[in-house]
Amino acid sequence: MALLRRVATVGGYTMISRVLGFVREILTASALGAGATSDAFFVALRLPNLFRTLFAEGAFSAAFVPLFSGMIAKDGRDVAMRFAQDTFSGLLTALTIFTILGEIFAPAILHVVAPGFDADPAHFRLTVELTRITFPYLAFISLASFQGGLLNAVDRFAATAATSILLNVFIIAALLIHPVTGQNLSLSVTLAGIAQCLWLAWSCRRAGLKLGMPRLHLSPELRRLMRVMLPGVFGAGATQLNLMVSTAIASLAPVGSVSYLAYADRLNQLPLGVVGIAVATAILPTLSRHIRRGEDSAALHTQNRGLELALLLTLPAAVALLLESHAILQVLFERGKFGPHQVAEVAPTLAAYAFGLPAFVLIKVVITDFLARHDTLTPVKVAASAMAVNIVLTITLGLYSGLAHVGIALATSIAGWVNAGSLMVISSRRRHFSLDQRSRRSIPRILLAAMGMGAALIGVQHLLQPGLNAHHLLLRLIALSSLVGSGMAVFALLCLVLGVAHPRELKRMLRGRRGATAPTTETVP
């Protein structure tokens, strides 16, 4: 129940953010379509997000949160806060230097990240300009992510989870200003980063996590953090690195390919962010404390419940996106400069991404065991292997198979499954993780329920097709809502029939009772 409440808190705010992200992408698609300007903006937005994931939300937070949580449990909050202050000063120094270098060398970076744009000098110059406007976002959002890590470590999840809402609000505001330009959109990104940083600074003060004016001090604890973090710069950011490889190859494809991938990825990120990131964020501090105290059975229980909950929420979403990608895009995106041709290009791309969605959620959950044990080297090795697979498949499927951007998305998904499977096998061989009796019984039933839901969706879509094709937007929205609602109802019913969730457990959730967080031998009937 405690895990469920934490996941619900993070997932709830993340859901609001992703829904606003939906609105943002709908407005972007209508205003820009899929062309040179949208390609330039998506690449400019991709760069700070890549480095943010590598240095802040990925490697840095993955190394810092377990160390900070363990220090609180063992040495107390005062000692942990001194470590946090030293870390803050080091991070601020590094980010300042990195941002200045990024502004100076933006053209050189883009020659690597988007080599296909070199063929059109005007297109390349626009991408450089937008990148230089958005690049400071890296510094502000990285500082915000650090402050969010502090809050998560003391089980304060709401403020951090709500932060991403601000980015979407700022971009939506820019999209409502006419005319819509790439420069205005890029400026809104940087302004959002400033707002996010200030919001979490205030939240930290309210939680008693006050950070004073930083003074660089390379303490032994900070040096240890750097040693743990550096290998994870690659490992924890494997997903973003794979997406960056995809962007580079897509820049060599026809104009619009980068945008097709970006629109499909945004839809795919909705369940990934709501479920995968929420579950991983919720279990990492608890898992770190269990491992630090030597509570192996409690750690195993936390991992199993996190994995079970992640799959319960992810598998039906993956099946729905795989089967209904065209209907979703047709209803939500087809307007303005985003017409039937763009829908036809993005729909199979979304389906290809959906195939890998469970894998990327599993990575987020399974990798927490390695991070909680301060092992960032193993994920690096696994990510390197997966990235090699991704590069080979991206080149093969994206450039030489005729699949273009669809092949690029499929390559990313296959690489995700290689990554997830390898992490699970290694963790199992080390006896750090194994499926308990409850998970072994429930996970196959979750898969069966998702497949049954998929079959139902095909039949319901056939009945609702006239509504999905209707001229009026309201009728199309009603038809799509009915399709989604029927799928959710069928999945929930199948879960109850198959015994995935016991009725008395659901009653406890609804009544808000505090359940036991200790290991249990209860099995699914």
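**Briefing: an all-helix predicted model**

The protein has 18 helices and zero strands. The structure is a predicted model. Of its 525 residues, 56% are buried. Among contacts in the protein with a separation of 6 or more, 84% are between residues 24 or more positions apart. The protein exposes about 21,600 Å², of which carbon and sulfur atoms supply 67%.

**The nonpolar core**

- The largest nonpolar core has 126 residues, and the members that touch the most others are Phe 64, Phe 68, Leu 150 and Phe 333.
- Helix α13, which covers residues 340–372, gives the most to this core, with 18 residues.
- In soluble globular proteins, nonpolar side chains tend to be buried together.
- Once neighbours within four places in sequence are set aside, the contacts of Leu 150 are Phe 64, Phe 68, Ala 84, Cys 204, Leu 209 and Leu 211.

**Aromatic pairs and an aromatic cluster**

- The count of aromatic pairs comes to nine.
- One of them joins Trp 199 and Trp 202 in a tilted arrangement, with 5.6 Å centre to centre and 40° between the planes.
- Trp 199 and Trp 202 are three residues apart in helix α8, so about one helical turn separates them.
- Trp 199 is partly exposed at 33% relative accessibility, and Trp 202 is partly exposed at 44%.
- Tyr 263 and Phe 338 form an edge-to-face pair, with 5.3 Å centre to centre and 85° between the planes.
- Because Tyr 263 lies in helix α11 (residues 257–292) and Phe 338 in the loop between α12 and α13, this pair ties together parts that are 75 residues apart in sequence.
- Tyr 263 is buried, at 0% relative accessibility, and Phe 338 is also buried, at 0%.
- Tyr 263 and Phe 338 belong to one aromatic cluster together with Phe 41, Phe 42 and Phe 333.

**Cysteines**

- A search of the whole structure finds zero disulfides.
- The cysteine sulfur closest to that of Cys 197 belongs to Cys 204 and is 9.6 Å away, which is too far for a bond; a disulfide requires sulfur atoms within 2.5 Å.
- Likewise, Cys 204 is in no disulfide, and its nearest cysteine sulfur is that of Cys 197.
- Cys 197 is buried, with a relative accessible area of 14%, and Cys 204 is buried at 2% relative accessibility.

**Helix α17**

- Helix α17, formed by residues 473–498, has 26 residues.
- From its first C-alpha to its last, α17 reaches 37 Å, close to the 38 Å expected at 1.5 Å a residue.
- The buried residues of α17 include Arg 476 and Gly 487, along with Ala 479, Leu 480, Leu 483, Phe 491 and Cys 495.
- Gly 499 follows α17 and has a positive phi, near 80°.

**Backbone features in the loops**

- Most residues other than glycine have a negative phi, and most peptide bonds are trans.
- His 178 and Pro 179 are joined by a cis peptide bond, with omega about 0°.
- Pro 179 is in the loop between α7 (158–175) and α8 (182–206).
- Ala 404 is not a glycine, yet its phi is positive, about 55°.
- The loop that holds Ala 404 runs between α14 (377–399) and α15 (405–429).
- Arg 431 also has a positive phi, about 60°, although it is not a glycine.
- Arg 431 lies in the loop between α15 and α16 (437–468) and is exposed, with a relative accessible area of 78%.

**Glu 345 and its contacts**

- Glu 345 is in helix α13 and is partly exposed, with a relative accessible area of 23%.
- Not counting residues up to four places away in sequence, Glu 345 touches Tyr 260, His 405 and Val 406.
- Glu 345 and Val 406 are 61 residues apart in sequence, while their C-alpha atoms are 8.2 Å apart in space.

Definitions and conventions
Residues are numbered from 1 along each chain as its sequence is written. This is a predicted model: local features need pLDDT of at least 70, side-chain atom pairs count only at pLDDT 80 or more; totals for chains, interfaces and linings use all residues. Side-chain values use heavy atoms; hydrogens and water are left out. Helices (H or I, at least four residues) and strands (E, at least two) are DSSP runs, numbered from the N terminus. Buried means under 20% relative accessible area, exposed over 50%, partly exposed in between (1.4 Å probe, protein chains only). A nonpolar core is a set of buried Ala, Val, Leu, Ile, Met, Phe, Trp, Tyr and Cys residues joined through side-chain atoms within 4.5 Å. Contact means heavy atoms within 4.5 Å. The expected span of a helix is 1.5 Å times one less than its number of residues. Accessible areas come from the Shrake-Rupley method with a 1.4 Å probe; for residues, only the protein chains shown count as cover. Rings of Phe, Tyr and Trp (its six-membered ring) pair if their centres lie within 6.5 Å; planes under 30 degrees apart count as stacked, over 60 as edge-to-face and the rest as tilted.
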